[in-house]
Amino acid sequence: METPDNESFRDTIGTLTEEGNRKWVFPKKPSGRFYDYRKWVSYVLLAFLLLAPFIKINGNQFLMFNILERRFNILGFPFWPQDFYLFVISMLIGVIFIALFTVAFGRIFCGWICPQTIFMEMVFRRIEYWIDGDRGAQMRLDRQEWNAEKIKKRASKWTLFLIISFIIANVFLAYVIGSDKLISYIVEGPTAHASTLISLVIFTGVFYFVFAWFREQVCIIACPYGRLQGVLLDNKSIIVAYDHKRGEAENGRKKFRKNEDREALGHGDCIDCFQCVNVCPTGIDIRNGTQLECVNCTACIDECDHIMESINLPKGLIRYASEENIEKKKKFEFTPRLKGYSAVLFILTGLLIGMLMLRNDVEARVLRLPGQLFEHKEDNIISNVFTYKLINKTTRDIPEINFKLRTYKGTIILVSAEDRFTVPKQGLAEGTLFIEIDQSELNSDKNKLMIEVYSNDDLIETTTVNFLGPRSYK
């Protein structure tokens, strides 16, 4: 897209001064139909973000990312370290899904779904509008000396920011360590869990720093997705775009004057009011084309539509459109790139569903005891020693566990007081066992055995081991 050839074209980051210092962004309070849609979407997602750690499905937390214990729950499905491949596939599906929507609709994830944007624009920024006022009032307050009014407003705002950051930190901790554990820690008191309290204070400080000071810099500087969109977008992607054909015309934009024939003078519909710039939460001028800082929040669309409506010009000067649509009036089409991403997404989703259906509630691992070969006992009995580990991925105890051989006649002896045991819910049971087989049953010095794991009389898992014997066999 050609860039307008005038002095107002910005070729530097909008949040930096000419000296390279931080320029604070005071966005105008947005309003309009897209902002109303975003509010409802944000309310739903905020409720989801706050409640998801406390929702249980079959006893499993709906979402949990316990990195310390390497336990993850996604949509109620528990993932253990042994299920890491499933977790990786789930993450790949998420990445491909976001990439697909970026190719098709630009950075729409950032403006409508990203937790950073939702909390910043729909929680913290709205508190700021409530206490400090709109753009003009905020700018005056910023320049104002530290008197009683400014101290009162700053103290009120920062206190509320700190309280909300503390709440977010608790919810974040519920995602990490689990909601049940968090609630028990709260009931037992902070002094009983000093390390957790320190973590909570650190999280609170991080969230407060992000939402009270760092703000839009997260989207501009820190977020890798902003960089990623640069290689995903093309001229067919639907983005928040300024129609420069209509806005600039032949002689460029011009301030609005009543009873002036702009079309006859060769000027476009853009009246250079800068309202699209003033309302932007990242401080950009959308008229300069697609920019890394744009999060597709649609605030400029609402503001421009309001201006166009007030001067009796058609809406849509800034709208959701592709560069190809603006240049050539082409409609959106399902491109080969989109088909490719959709095919990969479909295959990965099918693979994940298939693996989840084949996944057992109990995983058994039987391994040879390191450094041990075999023992020759009386009556031509060959004995091998193994260790076993049973992982229960469910939220219920699995009782009366016992082992049986499927492919060979032999005996399995547990090194424990009882021949049967229970695997606790979301826990594991481990121990040692001996397998004894008559030498006449063996076919070679290395024999593959299949071991069946039963709970009462129900087969719940099978696994294989190599059973070693002497080289002299029948």
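**From one annotated span outward**

Mentor: Start with residues 158-177, where the chain is 100% helix and 0% strand and the end C-alpha atoms are 28 Å apart. Keep in mind that this is a predicted model. The span comes from the record: an unreviewed UniProt entry gives "transmembrane region" for residues 40-64, 84-110, 158-177, 197-214 and 338-358. Residues 84-110, another of those spans, are 93% helix and 0% strand, with 28 Å between the end C-alpha atoms.

Next comes helix H16, which runs over residues 336-358. The buried residues of H16 are Leu338, Leu345, Leu348 and Leu352. What do the buried residues of H16 pack against? Their partner is helix H2, residues 84-105.

Now the division of the chain. The domain assignment gives domain 1 as residues 31-62 together with 106-232, domain 2 as 239-328 and domain 3 as 362-468. The C-alpha centres of domain 1 and domain 2 are separated by 31 Å. Contact between these two involves 21 residues of domain 1 and 16 residues of domain 2.

The side chain of Glu121 makes a polar contact with that of Arg125, at 3.1 Å. Leaving out residues up to four places away in sequence, Glu121 touches Tyr35, Arg38, Arg126 and Pro281.

Then take the loop between helix H13 (275-278) and helix H14 (299-310), where Gly283 lies. Gly283 has a relative accessible area of 18% and is therefore buried. In sequence Gly283 and Val25 are 258 residues apart, but their C-alpha atoms are 6.1 Å apart in space. Gly283 touches both Gly14 and Val25, again not counting residues up to four places away in sequence.

Thr298 is also found in the loop between H13 and H14. Its phi is near 70 degrees, a positive value in a residue other than glycine. Is Thr298 buried or exposed? It is buried, because its relative accessible area is 1%. Asn58 lies in the loop between strand S1 (56-57) and strand S2 (60-61). At 68% relative accessibility, Asn58 counts as exposed.

Last, the cysteines. How many disulfides are there, if the two sulfur atoms must be within 2.5 Å? The count is zero. Cys270 is in no disulfide, and the nearest cysteine sulfur, in Cys276, is 6.5 Å away. Cys270 is buried, because its relative accessibility is 7%.

Conventions:
Residues are numbered from 1 along each chain as its sequence is written. This is a predicted model: local features need pLDDT of at least 70, side-chain atom pairs count only at pLDDT 80 or more; totals for chains, interfaces and linings use all residues. Side-chain values use heavy atoms; hydrogens and water are left out. UniProt positions are given in the numbering used here, feature names are shortened, and annotations may be inferred rather than shown by experiment. Helices (H or I, at least four residues) and strands (E, at least two) are DSSP runs, numbered from the N terminus. A polar contact is a pair of N or O atoms within 3.5 Å; within protein, one must be able to donate a hydrogen and the other to accept it, and residues adjacent in sequence count only if both atoms are side-chain atoms. Contact means heavy atoms within 4.5 Å. A disulfide is a pair of cysteine sulfur atoms within 2.5 Å. Buried means under 20% relative accessible area, exposed over 50%, partly exposed in between (1.4 Å probe, protein chains only). The expected span of a helix is 1.5 Å times one less than its number of residues. Domain bounds come from an automatic or database domain assignment.
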